[in-house]
Amino acid sequence: MLLLLIPIFGIGQTKNVINSTRVFAKSDKVLEFEKALAAHAQKYHSGDWKWRVFEIQTGPDAGGYHITEGPSSWDAIDSRGNLGTEHNNDWNKNVAIYLTDRLEETYSVFVDSLSTVALTNYSDKIILTHIYPKPGMIGGLTGLVQKLKKVWTDGNETVAVYQAVASGDPQIITSTRLKEGLKELASGYRKPMAERYNAANGAGSWDVYQSDYSKYVEKRWSELLFYRADLSSK
């Protein structure tokens, strides 16, 4: 009986869950906020609760801070409980006082079958693309991403794929990890997407992709983020 339960226990303990928090410092308190955030992360967040802090460079949230915690498992998150009076007081009295009221929280699960890089194989510069399916089209969107994986693999692109869970509108989030830095964005660094897609999936497949994209995708947007080691857990 115990042996039969091992696979179930293993599924529950898979460390593939990321908690992302977005905060925005008051414009005249950025330095104070960063100092307090670094002290808090390095004192209270380690192991499964380790923080990686990014500064958002572009997009609608530019100027904000993207804090990722984990990876952890749903079981660990479920049994974590209150983080303690000392932790909560430090955040509320020393960090949150420098923040605006704007806040975003997201849970997402790493999808290994759609990714071309291991979950913890990180990069200092990343592009997050948020893709929202039309109602009832999450399966179709997943199929599109599966075909893109062949293109990413052939182009040596390191892309981690996540699916949001209980965090607003359904979405798939791709994290393109720019191992070579921003030069990967330069014209000519890789062949045009249409050419690469047709090579990976067959002649004319790019036109089919474009047609399917219009059927399955409601909207998408992207942003550039830079890792801040100085603000993150050690």
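Leaving aside residues up to four places away in sequence, which residues does E34 touch? The answer is in the first of these close-ups, after a word on the model. This is a predicted model, in which local features need pLDDT of at least 70 and side-chain atom pairs count only at pLDDT 80 or more, while totals for chains, interfaces and linings use all residues. Residues are numbered from 1 along each chain as its sequence is written, and side-chain values use heavy atoms, with hydrogens and water left out.

**View 1. E34 and its partners.** E34 touches Y65, R228 and L231, once residues up to four places away in sequence are set aside; contact here means heavy atoms within 4.5 Å. The residue sits in helix α2 (residues 30-44); helices (H or I, at least four residues) and strands (E, at least two) are DSSP runs, numbered from the N terminus. With a relative accessible area of 13%, E34 is buried. For these labels, buried means under 20% relative accessible area, exposed over 50%, and partly exposed in between (1.4 Å probe, protein chains only). The side chains of E34 and R228 are joined by a polar contact of 3.0 Å. A polar contact is a pair of N or O atoms within 3.5 Å; within protein, one must be able to donate a hydrogen and the other to accept it, and residues adjacent in sequence count only if both atoms are side-chain atoms.

**View 2. The barrel.** Eight strands close into a barrel, in the order β1-β3-β2-β8-β5-β7-β6-β4, with antiparallel pairing. Neighbouring strands of this sheet are turned by 35° against each other on average, direction ignored. Two strands pair if DSSP finds at least two bridges between them. Helix α7 lies across β5 (125-133) and β8 (217-227), and runs at about 100° to β8.

**View 3. Strand β6 and its two neighbours.** β6 is mostly covered, with five of its seven residues buried. Four bridges join it to strand β4 (residues 99-110), and the two run antiparallel; here Y107 has V165 of β6 as its bridge partner. Strand β7 (residues 172-177) pairs with β6 in the antiparallel sense too, over five bridges, and Y162 stands opposite I173 in β7. β6 and β7 form a hairpin with six residues between them. In the turn, A166 has a positive phi of about 50°, and it is exposed, at a relative accessible area of 82%.

**View 4. The largest nonpolar core.** This core has 17 residues, and those with the most contacts inside it are L141, V145, W152, V161, Y197 and Y209. The elements giving two or more residues to this core are α5 (138-154), β6 (159-165), α6 (193-201) and α7 (205-216). α5 supplies the largest share, six residues. A nonpolar core is a set of buried Ala, Val, Leu, Ile, Met, Phe, Trp, Tyr and Cys residues joined through side-chain atoms within 4.5 Å. Zoom in on V145 and you'll find L114, W152, V161 and I172 touching it, not counting residues up to four places away in sequence. Another core, of 15 residues, lies apart from this one, and A25, A36, A38 and W51 are among its members.

**View 5. Where α5 meets α7.** These two helices pack at an angle of about 150°, with their axes 9 Å apart. On the α5 side the contact is made by G140, L141, L144 and L148, and on the α7 side by Y209, D212, Y213 and Y216. Axes are lines fitted to C-alpha atoms, for helices over the stretch in contact, and angles run from 0 to 180 degrees between N-to-C directions.

**View 6. H87 in helix α4.** H87 is found in helix α4 (residues 85-95) and is buried, with a relative accessible area of 10%. Neighbours within four places in sequence aside, H87 is in contact with H40, Y44 and H45. H87 and Y44 are 43 residues apart in sequence, yet 6.7 Å apart in space, C-alpha to C-alpha.

View 7. A cis peptide bond joins G70 and P71, with omega at about 5°; P71 lies in strand β3 (residues 65-72). Over in the loop between α5 and β6 is N156, which has a positive phi of about 55° although it is not a glycine. N156 counts as exposed, at 65% relative accessibility.
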